[in-house]
Amino acid sequence: MLENREEELTTVRVQDPRVQNEGSWNSYVDYKIFLHTNSKAFTAKTSCVRRRYREFVWLRRQLQKNAGLVPVPELPGKSTFFVGSTDEFIEKRRQGLQQFLEKVVQNVVLLSDSRLHLFLQSQLSVPEIEACVQGQGPQTVTEAILHYAMSNCGWVQEEESRPVLLPGGDLQGSCAGLGSPQGPSCLQRFPYWSDFGMDEPHSDSPEEPAEPLGAGHEEQ
């Protein structure tokens with residue numbers, strides 16, 4: 001008798017662009033990346049981080065370096081001159097970043113790169129990710145992801161209001177399946193995707209030098 005195997009699904013959303021350091025010469029935009037999966041390739045089944053464009057550029061460069069002949073999806077390009085409003089530029093970039101990640105998480109070769117997992121499932125900066133991958137940080141890759149997932153539980157729950165059923169009818173929180181005694185307390189309901197544009201009390205901004213913001217400027 002054949003066993004019923006649950007189909008592995010990964011959903012990733014890039015949304016909620018926010019201007020950081022608004023009004024300053026070094027203002028920039030970062031984006032919320034929400035990931036939910038039942039794939040065994042990921043340590044945490046749910047994660048939510050904020051990343052800026054230059055971090056995506058770094059990620060793609062590292063993925064290409066480690067993937068050999070496997071093609072890596074393209075990012076939305078830089079644009080020194082953009083005809084339209086700043087909001088239109090940011091929305092177009094957001095869509096391009098989401099398409100990039102949607103393709104990346106479906107590629108088995110790219111999924112084997114630890115940098116991708118730390119990018120998606122921790123708020124470590126680029127130098128911290130490199131140190132972690134090279135074994136020079138205070139935690140292993142898995143430990144860093146689990147630590148962030150556990151610390152994430154409270155503010156993820158504050159955003160949750162309405163349930164979304166996944167394949168199999170499971171409702172899991174950000175700590176579900178992490179093998180921790182604290183896991184069951186995080187088995188909360190997920191909101192609809194539209195709810196994730198709401199403000200949350202968590203806002204970790206990377207500490208790398210900022211790139212300029214806005215139409216007519218090139219974001220680095």
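This is a predicted model: local features need pLDDT of at least 70, side-chain atom pairs count only at pLDDT 80 or more; totals for chains, interfaces and linings use all residues.
Reader: How many helices and strands does the chain have?

Author: Six helices and three strands. Helices (H or I, at least four residues) and strands (E, at least two) are DSSP runs, numbered from the N terminus. Along the sequence the pattern reads β-β-β-α-α-α-α-α-α.

Reader: In what order do the strands form the sheet?

Author: The general idea comes before the case. Strands of a sheet pair through backbone hydrogen bonds, either parallel or antiparallel. Here three strands form an open sheet in the order S1-S2-S3, with antiparallel pairing. Two strands pair if DSSP finds at least two bridges between them. S1 (10–20) and S3 are the edge strands, and each pairs on one side only. On average, neighbouring strands are turned by 20 degrees against each other, direction ignored.

Reader: How many bridges join S2 and S3?

Author: Seven bridges, in the antiparallel sense, join S2 (residues 28–37) and S3. Ile-33 has Val-49 of S3 as its bridge partner. His-36 is partnered by Thr-46 of S3.

Reader: Is strand S3 mostly covered or uncovered?

Author: Strand S3 (residues 46–52) is mostly covered: seven of its seven residues are buried. Buried means under 20% relative accessible area, exposed over 50%, and partly exposed in between (1.4 Å probe, protein chains only). In a regular strand the side chains alternate between the two faces of the sheet. In S3, Thr-46, Cys-48, Arg-50 and Arg-52 point one way. Ser-47, Val-49 and Arg-51 point the other way, and all of these residues are buried. Over the whole chain of 220 residues, buried residues make up 46%.

Reader: Which strands does H4 touch?

Author: H4 packs on the sheet and touches S2 and S3. Its direction makes about 95 degrees with that of S3. Axes are lines fitted to C-alpha atoms, for helices over the stretch in contact, and angles run from 0 to 180 degrees between N-to-C directions. Contact means heavy atoms within 4.5 Å. Helix H2 (residues 86–104) lies across S1 and S2, at about 150 degrees to S1.

Reader: Why does His-117 count as buried?

Author: His-117 sits in helix H4. It counts as buried because its relative accessibility is 7%. Leaving aside neighbours within four places in sequence, His-117 is in contact with Ala-41, Phe-42, Leu-111, Ser-122 and Ile-145.

Reader: At what angle do H4 and H5 cross?

Author: Two packed helices are described by the angle between their axes and the distance between the axes. The axes of H4 (residues 114–121) and H5 (residues 126–133) come within 10 Å and cross at roughly 135 degrees. H4 and H5 are therefore oblique to each other. Angles under 35 degrees count as roughly parallel, over 145 as roughly antiparallel, 65 to 115 as roughly perpendicular and the rest as oblique.

Reader: Which residues make that contact?

Author: From H4 come Ser-114, Arg-115, Leu-118 and Phe-119. From H5 come Ile-129, Glu-130, Cys-132 and Val-133.

Conventions:
Residues are numbered from 1 along each chain as its sequence is written. Side-chain values use heavy atoms; hydrogens and water are left out.
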